[in-house]
Amino acid sequence: MAENLPETHTFLKMLRAEIDRDFPGKVLLAEVNQWPADVAAYFGESDECHMAFHFPLMPRMFMAIRREQRFPITEILSSTPANPRRLPVGDLPPKPRRA
């Protein structure tokens, strides 16, 4: 596994730099099936992934519906760190201008 290794983050920084340079307006989406506090590292200092899936939320949505209670959702959201880039959830980079 290459999860949370320094080498993984070094590679993501290099990949992000290439994506930003060669493919403006595209995003890197982290598909990291970990707890929210661990996923936050994949944003780096806004130099790694743009977005990340929130895997622990999905099963809790079904659990909340089945139980008819909000607690499975509110519990996992309360353990989710604030967006490190201070942007709205799902914020995308600006579209490149056409020449």
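Start by selecting His 50: at 4% relative accessibility, this residue counts as buried (under 20% relative accessible area, with over 50% called exposed and anything in between partly exposed, using a 1.4 Å probe and protein chains only). Before you go on, note that this is a predicted model, where local features need pLDDT of at least 70, side-chain atom pairs count only at pLDDT 80 or more, and totals for chains, interfaces and linings use all residues. Residues are numbered from 1 along each chain as its sequence is written, and side-chain values use heavy atoms, with hydrogens and water left out.

Stay on His 50, which sits in the loop between helix H2 (36-39) and strand E2 (51-52). Helices (H or I, at least four residues) and strands (E, at least two) are DSSP runs, numbered from the N terminus. Now show the side chains: that of His 50 makes a polar contact with the side chain of Arg 16 at 3.2 Å. It also reaches the backbone nitrogen of Leu 28 at 2.9 Å. A polar contact here is a pair of N or O atoms within 3.5 Å; within protein, one must be able to donate a hydrogen and the other to accept it, and residues adjacent in sequence count only if both atoms are side-chain atoms.

Next, hop to Pro 72 in helix H4 (residues 71-78). Pro 72 is buried too, with a relative accessible area of 4%. Leaving aside neighbours within four places in sequence, Pro 72 is in contact (heavy atoms within 4.5 Å) with Arg 60, Met 63, Ala 64 and Arg 67. Draw a distance from its C-alpha to that of Met 61, 11 residues apart along the chain, and you get 7.1 Å.
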